[in-house]
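Thanks for coming. I will go through one protein model, part by part. Please have the sequence and the structure in view.

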Amino acid sequence: MDYAARQQRAQQLVQEIGLPRPLNSELLHHHMEQIREKKIVIMQAPQGMVDQGICALWLEVSGEGFERIHYAPTDSAVHRQQFVNHEFGHMILNHKKVIMPADRVALLAPLVPMHAIVSALSRGSFTDEEEALAEAIGDELAMILRKDASMSRRDAETGFGQIL
C-alpha cells in the first residue's frame, strides 16, 4: 500500500471507532478500553526490553482481566503518547498477538512471570505493512489529539471555542 492510501485507510479506521470530541489522552484511553471491553494498563517498559530495541509492546498476561501496553522510557509526553497511539493502532486493526519466545518474555522480567504470558505484539521496527498502518493510525490519533487540545485552549481562553 502506498503512503497516501495508507493515510486514507488510517483516517477511515479512526473515523469508524467514533472517538469522543474534543479528544484528550484520557478519553482516548477510556474509549479504547470500551472498544476492547477490558481495562488497558499503560506503563513504562523495563530497561531490558528497551535494550533489545523494543520501543512498545501490547500484551496479555494469564490470569489478568486486562491488557498491557509497555512503552520505552522518555521524558517527552508527546513521544510516550505516540508509542501508546501506535499500540492502539494495532488494537483498532485487530492485529493478532502472538505467543512470545522465551527470550523476549525474559525482557519483561521482573514485571511479568515468564510462564504467564498469553500473547503479545511487540514493536521494534517499521519494516512491514502491518507496522506502517498501525503507525499511520497512531499519527492520525496524534493529529486529532493536537487539534482538539488547541480547540480546548481556545475554549478556556474565550469561552467560545472556534467562534473567536
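I start with helix H4, whose buried residues are Gln-81, Gln-82, Phe-83, Val-84, Asn-85, His-86, Glu-87, Phe-88, Gly-89, His-90, Met-91 and Ile-92. Buried means under 20% relative accessible area, exposed means over 50%, and partly exposed lies in between, with a 1.4 Å probe and protein chains only. Helices here are DSSP runs of H or I with at least four residues, strands are runs of E with at least two, and both are numbered from the N terminus.

Before going on, the ground rules: this is a predicted model, where local features need pLDDT of at least 70, side-chain atom pairs count only at pLDDT 80 or more, and totals for chains, interfaces and linings use all residues. Residues are numbered from 1 along each chain as its sequence is written, and side-chain values use heavy atoms, leaving out hydrogens and water.

Back to H4. It covers residues 77-92, and 12 of its 16 residues are buried, so the helix is mostly covered. From first C-alpha to last, H4 reaches 22 Å, close to the 22 Å expected at 1.5 Å a residue; the expected span is 1.5 Å times one less than the number of residues. Just after H4, Asn-94 has a positive phi of about 55°.

Is Gln-82 buried or exposed? Its relative accessible area is 14%, so Gln-82 is buried. What does the side chain of Gln-82 contact? It makes a polar contact with the side chain of Asp-139, at 2.8 Å. A polar contact is a pair of N or O atoms within 3.5 Å; within protein, one must be able to donate a hydrogen and the other to accept it, and residues adjacent in sequence count only if both atoms are side-chain atoms.

Next, the strands. Strand S3, residues 66-71, runs antiparallel to S2, and 5 bridges join them; two strands pair if DSSP finds at least two bridges between them. Glu-60 stands opposite Glu-67 in S3. S2 and S3 make a hairpin with 4 residues between them, and Gly-63 in the turn has a positive phi of about 85°.

Last, the whole protein. There are 6 helices and 4 strands, in the order α-α-β-α-β-β-α-α-β-α from the N terminus. Of the 164 residues, 43% count as buried.
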